[in-house]
Amino acid sequence: MRSYYDASASIFAVSDPLAILGALSAQLPFAVEASQREAWTYQIRHLQQIAPAIPDAHIFLEFRIPRMGRRADVVLLHQGIIFVIEYKVGETSFSSHAIDQTLGYALDLKNFHETSHSRRITPILVATEGSHAQPVAPLSQDDVSAPVLTNSSHLVEVITSFGKRFADTPVDATSWASGRYKPTPTIVEAAQALYRGHDVQEISRSEAGAENLSATAAYISQVIDRSKAEHKKSICFVTGVPGSGKTLAGLNIANERMKAHEDEHAVFLSGNGPLVDVLREALTDDALRQAREKGLPRPSRASEYQRACAFIQNIHHFRDDNLQTARPPIEKVVVFDEAQRAWNMEQTSQFMRQKRGQVGFSMSEPEFLLSVMDRHPDWCTVVCLVGGGQEINTGEAGIKEWLSALTSKFQGWDVHISDQVLGRQYLAEEEDQALLKQLPLHTTSHLHLAVSVRSFRAEHVSNFVGALIDGDVSRAREIATTLTDYPIYVTRNLDRARAWLRSRRRGMERAGLLASSNALRLKPEGIYVKAKIDPPLWFLAPRGDVRSSDALEDVATEFDVQGLELDWTCVCWDANFRWVEHKWEAASFKGTKWQRVGDPSRKAYLANAYRVLLTRARQGMVIFVPLGDQTDPTRPLSFYDDIYEVLLKAGIRDLSDFAIGPARQRMFGTKDANS
């Protein structure tokens, strides 16, 4: 059911209020708290009072917003307009959180509910004892108005005035409510929803056919069940384009197996420290909020955090625990996130010698992790989530190190691999591809996620970024013409970039500044990549917190954001990845000057760093390229001008083409500083 209760306004006006209250209460899986009962009683009485003035309307109470895992108090259809109404009973003021929440509901309907796509949506926040602000006409391009702030006395006036001014073709309530919901959650929202018990089909789009998340999850579950029944050891490699939901697929597998098969002790492991920290904090906060909203006894934060830590673990802790014993681990199903970032033997040996006192350690990280799981005498299943072209640090070995370990030490394992693994971003060299011929392979399309679910506005963003990073400017320009719903701009003015982000960000959406970890000559622009952020605060803190990404003060690097995302980003581009003679050239700033990077691995890491940065935005991005300074030999104009020009040639428009608004135009003028 989309809502707990719905009826036409004419029927609602004459219905028994106790019957409506009973219908609402019956939908809750827990006892109705006094505060909730009082709020519902007020809303029912108030809506019954205003219903006769809008007899053509249809009223939905507690309307489900799947991506956010919550319900809007009221959705009201009138004169072809969708009104999203949030009540704050007894309140005299309008908090910024409540305003963002109400607008967030409206945006989710617009973006993810098919029958709402073409409709005008007006969010209304009702502080029942508050003041009334004169409503303004919707100004946004997508026909979602700014939230209207009003009180209970003026609500019907707002609805009728908007209805007269913006009347559209009538909305059939039944058809509208049954419209398909195709939500695209952030990884934080998805983790919270899965943790609460939602199915992956409820929180992700399913139109990708055989390559969707559900098909991948089903295939892996079959592998696990078969391994368990036949006492075999198996490994699955899940590949996918950036933002295709690999982490979501892994979380779903671990969560489902953990619930349905406790004896398997399924676990999600990640070496991505920021991702682990952010998800643990998000799950803890959500669990506390759920308990509060349900009126349950408040659990301790420490206990909820411990539960989250059991679900999402740091792979390095798993590794270190199993260094201390030769016994099999308790886990029979293990999901390794970002498996391409596992270390080669040289890096692992050096770390073990210097940090763990393990002299003579001679295994790569994949080999050691597989040896740990191979201790099981009967069966186990390992799931490796592999991002193509996303190795960003020294010693990260990619998928070939896992295959090498399987070939040399674990040939008895069943290997399930996607049919895309021979692509250039996974196994480019013939000697690497030869490893596959030595293994008992099961190849399938179900283990490749080809459609981006991060950028719900444009599924080809990753293709565009791939062409750009490869230096294929004409191909990038061709793809750019298809990104009609995903704005990408470039500017030479950082203040203008910030203004654009603030003009685009609405409701619960988040924006932030990103830069490469070696973008050291952005410092004169006030961008300090060496100033470390606190990832949970950067990704989760509210807008008013200066440590939040939304403050647009602290910049995050590729190491902070890999595996995570924002709605809107500004990628700050330095001369460490510059355009020279029709191709990208990698450079590293050391001491007082730039040094050309010649090592192929280090060049690949830098290219991948920009690949990661350019694929973090769900809805759109702006790229900031400094003007440079001819008096500063580390920032010559030519470095940055060439970068700027090639981005324009790749089909990215200058931000001066975008009208931010009269106030911003007065501040910056109608052109960027370089125009």
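Leaving aside neighbours within four places in sequence, serine 418 is in contact (heavy atoms within 4.5 Å) with Phe237, Thr239, Thr443, Thr444, Leu447 and His448. The structure is a predicted model, in which local features need pLDDT of at least 70 and side-chain atom pairs count only at pLDDT 80 or more, whereas totals for chains, interfaces and linings use all residues. Residues are numbered from 1 along each chain as its sequence is written, and side-chain values use heavy atoms, with hydrogens and water left out.

Serine 418 lies in strand β12, where helices (H or I, at least four residues) and strands (E, at least two) are DSSP runs numbered from the N terminus. At 1% relative accessibility, serine 418 counts as buried, a term that means under 20% relative accessible area, with exposed meaning over 50% and partly exposed in between (1.4 Å probe, protein chains only). Serine 418 and serine 445 are 27 residues apart along the chain, and their C-alpha atoms are separated by 5.5 Å. Strand β12 (414–418) is also among the elements that cover the buried residues of helix α16, together with others including β7 (233–240), β10 (333–337), α15 (365–373) and β11 (380–387). In helix α16 (residues 399–409), the buried residues are Ile399, Glu401, Trp402, Leu403, Ala405, Leu406 and Thr407.

Two packed helices are described by the angle between their axes and the distance between the axes. For helix α18 (residues 461–469) and helix α19 (residues 473–480), the angle is about 160° and the axes are 7 Å apart; axes are lines fitted to C-alpha atoms, for helices over the stretch in contact, and angles run from 0 to 180 degrees between N-to-C directions. The two helices α18 and α19 are therefore roughly antiparallel to each other, since angles over 145 degrees count as roughly antiparallel, under 35 as roughly parallel, 65 to 115 as roughly perpendicular and the rest as oblique. On the side of α18, the contact is made by Asn463, Phe464, Ala467 and Leu468, which meet Arg475, Ala476, Ile479 and Ala480 in α19. The residues of this contact divide into 6 nonpolar, 1 polar and 1 charged, where Ala, Val, Leu, Ile, Met, Phe, Trp, Tyr, Cys and Pro count as nonpolar, Asp, Glu, Lys and Arg as charged, and the others, Gly among them, as polar.

Side chains of opposite charge can pair when their charged atoms come close. The structure holds 34 salt bridges, each being a side-chain nitrogen of Lys or Arg within 4 Å of a carboxyl oxygen of Asp or Glu. In one of them, aspartate 168 pairs with arginine 119 at 4.0 Å, N to O. This pair links distant parts of the chain, 49 residues apart, with aspartate 168 in the loop between α5 (155–165) and α6 (173–177) and arginine 119 in the loop between α4 (96–112) and β5 (121–127). Aspartate 168 is partly exposed, with a relative accessible area of 39%, whereas arginine 119 counts as buried at 13% relative accessibility. Arginine 289 and aspartate 286 also meet in a salt bridge (2.8 Å, N to O); being 3 residues apart in helix α11 (residues 273–293), they are separated by about one helical turn.

Turning to the backbone, phi of glutamate 62 is near 55°, a positive value in a residue other than glycine. Glutamate 62 is found in strand β2 (residues 58–65) and is buried, with a relative accessible area of 9%. Phi of glutamine 79 is likewise near 55°, but glutamine 79 lies in the loop between β3 (70–78) and β4 (81–88) and counts as partly exposed at 31% relative accessibility.
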